[in-house]
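Q: Before we look at the model together, could you take me through how to read a ligand site and a pair of aromatic rings?

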Amino acid sequence: MKKFLIAGNWKMHKTTAEAVSFAEEIKAKNLENAEDVAVLAPFTQLSELGKALAGSGIKFGAQNVHFEPSGAFTGEISVPMLEEIGVDYCIVGHSERREYFGETDKTVNLKLKALIAAGITPILCVGESLEVREAQGEQTFVASQLIADFEAMPISDVAKVVIAYEPIWAIGTGKTATPDQAEEMCAFIRGVMGGMYSNEVADQMLILYGGSMKPSNAADLLSKPDINGGLIGGASLKADDLAAIADAANALK
Ligand code: PEP
């Protein structure tokens, strides 16, 4: 049976009250595949969101973390702080963090290792800009991100990372990669991981597509063999839309 993860990235949206009412709404839908669904929320909402989702099977997580366990890093949140709240997932290396907040492959690599050591599943984002795609450099670019992001990671930890292929030109733009373009890159990523580690490990990995996924295009994207789900921004803000995408994945199991 194909494995899926349908993960909503709320970015900097929703107050805690709004997050809790979303949790009540999505819980009421009694999703058949609740365990395959996760919501990645701003830090201030995590504690209440975790309580509101408790018992539903739906997972939750953060959108970023610092790689040091503690220290003089004003404004940052550590892995032990996330562990205390009981988060399941944490996004690492989202293109918005790479573009606006100085995230580098080096810090991504350190964050992946710190999260894995704590048993929190990282959702690693990779993907090329429009400029790189227009120059047909997407495979070289994404391969170089993967090589740097997984540097010195032991093979036993590799399948603990979820990879999200997110072409930057498709994020929040309404411009979705075609199912064939998304599949081509997700299959390419699996191949790169196979080459770096082993095909057996690569086959166990969850590789998601992200970029303007919504209820109307989810089934076409999710039916592709190398796409194990979605990282969903805009369409994850409404419980009805996230549930519809989760239903589309469930129908393909
Ligand atoms: C994202 O935030 O990772 C994303 C894919 O956003 P959107 O679905 O809005 O394009």
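A: A polar contact is a pair of N or O atoms within 3.5 Å; within protein, one must be able to donate a hydrogen and the other to accept it, and residues adjacent in sequence count only if both atoms are side-chain atoms. Here a polar side-chain atom of Glu 166 lies 2.7 Å from an oxygen atom of the ligand. The model is a predicted one, in which local features need pLDDT of at least 70 and side-chain atom pairs count only at pLDDT 80 or more, while totals for chains, interfaces and linings use all residues. Residues are numbered from 1 along each chain as its sequence is written, and side-chain values use heavy atoms, with hydrogens and water left out.

Q: Which backbone atoms lie 2.6 Å or 2.8 Å from an oxygen atom of the ligand?

A: A backbone N or O atom of Gly 172 is 2.6 Å from a ligand oxygen, and a polar backbone atom of Gly 233 is 2.8 Å from an oxygen atom of the ligand.

Q: How many residues surround the ligand, and how do they divide into nonpolar, polar and charged?

A: A residue is near a molecule if one of its heavy atoms lies within 4 Å of it. The ligand is surrounded by 14 residues, the closest being Lys 11, Glu 166, Gly 172, Ser 212 and Gly 233. With Ala, Val, Leu, Ile, Met, Phe, Trp, Tyr, Cys and Pro counted as nonpolar, Asp, Glu, Lys and Arg as charged, and the others, Gly among them, as polar, the shell holds 4 nonpolar, 8 polar and 2 charged residues.

Q: How should I read a pair of aromatic rings?

A: A pair of aromatic rings is described by the distance of the centres and the angle of the planes. Rings of Phe, Tyr and Trp (its six-membered ring) pair if their centres lie within 6.5 Å, and planes under 30 degrees apart count as stacked, over 60 as edge-to-face and the rest as tilted. By this rule there are 4 aromatic pairs. The rings of Trp 10 and Phe 22 have centres 4.8 Å apart and planes at 80°, so this pair is edge-to-face.
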